[in-house]
Amino acid sequence: MAQFLSNLPVGALIKFGKHKVGSETAQPIVWIVADKNHSGYPANSVTLITQKIIDLRAYDAWEGDDEDIDTDPEYPDSNINQWLNSAAASNWFVKKGSKDNPPDNVNTNSNTGYSDRPGFLYNFTTQERLALLPTTHTFPIQHLDGSFTTAVANVFLPSLREVLGVTTVNDKTTRLQYFATNDVTCGLTAQAYTNTSCTDKPVSIDSTWNYFSRSAAHNDVYGVSSTGTQTNISTHDGSGGIRPMVNISVNTKISDVVDNEGCYTVLTQVPPVISGTNSNIGVKSSAFSQSYTVTDADNDEVIVTEYIDNVKVRSYVATLGATNNFAVTGETWLKLANDKHTLTITATDGFDETTRTFTFTKSVTTLVVQRSTPIEPTTEPKSIIISVVKVIPQEATFKVEVCRNGFDTTPYWEDITSKVLSGKIHEFDTDHTKTATKWGINVRVTIDRNGGVGACYIKEIGGNFE
């Protein structure tokens, strides 16, 4: 079974996406639910931050002693921002200025150059990438006091204030709920510790380590120290910790139980499938059924609802893969006017809804209603009285016929329309007897629209005989 991400408390762990530090197999990333509907972030979102530092990389490459970005680094133009939001297999680096250098081992230190690495999102599935909500951030422009710029990113580093709650940088952010009551320090994942090529890393996997924020400082970048305090880290320091954040929808589908590592898992969010395509199924002159099947890759319980012209006909739990029939028969069919109509089928698994729409045109000029099996009397019928409740256009013609030899190969029908309209008893024509072994009473009602439009149906036929 599954549930919505919104159900999880702040502090819960969730696996989402994969990362590859070196040549190892990409491994699941463990995130912490850091906040819900965080101020300034997309509506109906859950903010995630990695549980630990997932890699050691430089914030930005060295570009010369006289470069502006080295003295006043701007996160939107940083290499790390570009890499975190790239799904490219290679060649993700794009120069942002004439002096912009790739973050290779020449232009960063600690042997953790990454310009030749795939983009961070390369090991995410297409569905996982689509789940990321674009988030707008505000940044103070370092060399212009009081001025701000904005940038949009799907993956981003935390601001200093979001983690520590300090007001060192006026970036208009607020502290994440998780860090208001939990430790801000963390170490490296086992994957990062084992596979990093960094020449300067913690003495043990249990040690905490510095990690970058996205908040710029003069000459450096603000970060969170291994002791949980504010620190400055050189932009091209390849030993700086990377601890990304993302926002995803509160309606993201996740497991309802944790795995053996205490983590929930984002589930494949596949909507139910209704067979066929939205189409016009043509002109219908008599009652019919439209067949279809419903499947769901997640094997969730699927509720199907059928509508005619947006009026609910029925709702039921689908048997996945079985053939279902949308029956436009009986009174449902009879009440439909000669006109265009819509059949709508919806299927919901509690997370997503799929709709299939069929259109058709009802075109019936003559309506004939007759018992499929005659009534068998115990003695020879002598008389009959019939009543018909109907809704027909003014121009329509109406005829009621009865017979008492309904089991014959060719029954003798008697027109009793005038007597039905006047409510009188009809005496059977006794000159016509039966050829079958038994008598059989039957009634036939015929309506011809005669050019009339609008509702045309028989609601009830009643009567008695002796």
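The model is predicted. A search of the whole structure finds 13 salt bridges.

**Open sheet**

- Strands β16, β18 and β21 form an open sheet, in the order β16-β18-β21. The pairing is antiparallel.
- β16 (273-274) and β21 (323-328) are the edge strands. Each has a single partner strand, so one side of each lacks a neighbour in the sheet.
- Two bridges join β16 to β18 (residues 288-295), in the antiparallel sense.
- I274 has V294 of β18 as its bridge partner.

**Salt bridge D300–K253**

- D300 and K253 form a salt bridge, with the closest N and O atoms 2.4 Å apart.
- D300 sits in the loop between β18 and β19 (303-308), and K253 in strand β14 (residues 253-255), so the pair ties together parts 47 residues apart in sequence.
- D300 counts as buried, at 11% relative accessibility.
- K253 is also buried, with a relative accessible area of 1%.

**Salt bridge E376–K438**

- E376 and K438 form a salt bridge; their closest N and O atoms are 3.6 Å apart.
- E376 lies in the loop between β24 (366-370) and β25 (383-391), while K438 lies in the loop between β28 (426-427) and β29 (442-448), so the pair links parts 62 residues apart in sequence.
- E376 is partly exposed, at 48% relative accessibility.
- K438 is partly exposed too, with a relative accessible area of 31%.

- R444 and E401 meet through their side chains in a salt bridge (2.9 Å, N to O).
- R444 belongs to strand β29 and E401 to strand β26 (residues 397-403), so the pair ties together parts 43 residues apart in sequence.
- E401 is buried, with a relative accessible area of 9%.

- E414 lies in strand β27 (residues 414-415).
- Side chains of opposite charge can pair when their charged atoms come close.
- A salt bridge needs the nitrogen and oxygen within 4 Å.
- The E414 side chain makes a polar contact with the side chain of H426 (2.8 Å).
- Leaving aside neighbours within four places in sequence, E414 is in contact with V400, E401, V402, H426, E427, F428 and D429.

Notes: Residues are numbered from 1 along each chain as its sequence is written. This is a predicted model: local features need pLDDT of at least 70, side-chain atom pairs count only at pLDDT 80 or more; totals for chains, interfaces and linings use all residues. Side-chain values use heavy atoms; hydrogens and water are left out. Two strands pair if DSSP finds at least two bridges between them. Helices (H or I, at least four residues) and strands (E, at least two) are DSSP runs, numbered from the N terminus. A polar contact is a pair of N or O atoms within 3.5 Å; within protein, one must be able to donate a hydrogen and the other to accept it, and residues adjacent in sequence count only if both atoms are side-chain atoms. Contact means heavy atoms within 4.5 Å. Buried means under 20% relative accessible area, exposed over 50%, partly exposed in between (1.4 Å probe, protein chains only).
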